[in-house]
Amino acid sequence: MANFPAIKPTSRNFSLPTYPVKRYTAINGAGTTRLYGSKPFDAELDLEFIVDDEILLLLINCWNAAYGSWDTLTLPEEIFSGMSPTLYGSITSDLSHLNWRWVERPVVKTIRDSLSRVSVKLIATLEAT
């Protein structure tokens, strides 16, 4: 398990997890909807940071420590900075059965010397037990 750096994002997009639902429709248009589990999965978190090279190195080290998307991540409270304590508590307790992972490698755009804009995409997966 890798520890994600405790830094506040400059922007955050959060997508709620989905439930395992499948809709079956017959030729005549009648259908039925099936629920295949009681736990949601695949919440998504897209983050953007403006960081100096020192913090950028922490993000790169986290990517390497997790072997990319292979290992899980521990997310610090700072990732959800700006949310009310009630919303933060709800999200973290509702998703406590999920494991955060990198979706893809971080994208780094240089703004100027020693300052970069970094885009990060994370996903909360449901592991088979």
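This is a predicted model: local features need pLDDT of at least 70, side-chain atom pairs count only at pLDDT 80 or more; totals for chains, interfaces and linings use all residues.

Reader: Let us start with the inside. Which residues of the largest nonpolar core touch the most other members?

Author: They are Phe4, Phe49, Leu73, Trp100 and Leu122, in a core of 26 residues.

Reader: What is Leu122 in contact with, leaving aside its neighbours within four places in sequence?

Author: Leu122 is in contact with Phe4, Ala43, Glu44, Leu45, Leu47, Leu73, Leu75, Trp100, Arg101, Trp102 and Val103. Among these, Phe4, Leu73 and Trp100 are also named with Leu122 as core residues that touch the most other members.

Reader: And Ser116, where does that one lie?

Author: Ser116 lies in strand E9, which covers residues 115-125.

Reader: Is Ser116 buried or exposed?

Author: Ser116 has 4% relative accessibility, so it counts as buried; the cut-off for buried is under 20%. Not counting residues up to four places away in sequence, Ser116 touches Phe49, Ile50, Val51, Asp53, Leu56, Val108, Lys109, Thr110 and Ile111.

Reader: Let us turn to the rings. How many aromatic pairs does the structure hold?

Author: The structure holds five aromatic pairs. In one of them, the rings of Tyr67 and Trp70 have their centres 6.0 Å apart and their planes at 80°, so this pair is edge-to-face.

Reader: Why is that edge-to-face?

Author: The planes of Tyr67 and Trp70 are at 80°, and an angle over 60 degrees counts as edge-to-face.

Reader: Are those two residues buried or exposed?

Author: Tyr67 counts as exposed, at 63% relative accessibility, and Trp70 counts as exposed as well, at 60%.

Reader: What about the pair of Phe80 and Tyr88?

Author: The pair of Phe80 and Tyr88 is tilted, with 5.6 Å from centre to centre and 55° between the planes. Phe80 is buried, with a relative accessible area of 7%, whereas Tyr88 is partly exposed, with 22%.

Reader: Which residues do ring pairs link into a cluster?

Author: Ring pairs link Phe4, Phe49, Trp63 and Trp102 into a cluster.

Reader: Where does Lys22 lie?

Author: Lys22 lies over the face of Tyr24, at 5.8 Å from the ring centre.

Reader: A change of topic: the loops. Where does Tyr67 lie, and what is its phi?

Author: Tyr67 lies in the loop between H1 and E6. Its phi is near 55°, a positive value in a residue other than glycine.

Reader: And what is the phi of Ser114?

Author: Ser114 has a positive phi of about 65°, although it is not a glycine. Ser114 lies in the loop between strand E8 (107-112) and E9, and counts as partly exposed at 46% relative accessibility.

Reader: Where is Ser81 found?

Author: Ser81 is found in the loop between E6 and H2 and is partly exposed, with a relative accessible area of 30%. Leaving aside its neighbours within four places in sequence, Ser81 is in contact with Lys8 and Arg12. Ser81 and Ile7 are 74 residues apart in sequence and 9.0 Å apart in space, C-alpha to C-alpha.

Reader: Finally, where is Asn28 found?

Author: Asn28 is found in the loop between strand E3 (21-25) and strand E4 (31-35), and is exposed, with a relative accessible area of 66%. Asn28 and Asn64 are 36 residues apart along the chain, and their C-alpha atoms are separated by 53 Å.

Notes: Residues are numbered from 1 along each chain as its sequence is written. Side-chain values use heavy atoms; hydrogens and water are left out. Rings of Phe, Tyr and Trp (its six-membered ring) pair if their centres lie within 6.5 Å; planes under 30 degrees apart count as stacked, over 60 as edge-to-face and the rest as tilted. Buried means under 20% relative accessible area, exposed over 50%, partly exposed in between (1.4 Å probe, protein chains only). A charge sits over a ring if NZ of Lys or CZ of Arg is within 6 Å of the ring centre and within 35 degrees of the ring normal. Helices (H or I, at least four residues) and strands (E, at least two) are DSSP runs, numbered from the N terminus. Contact means heavy atoms within 4.5 Å. A nonpolar core is a set of buried Ala, Val, Leu, Ile, Met, Phe, Trp, Tyr and Cys residues joined through side-chain atoms within 4.5 Å.
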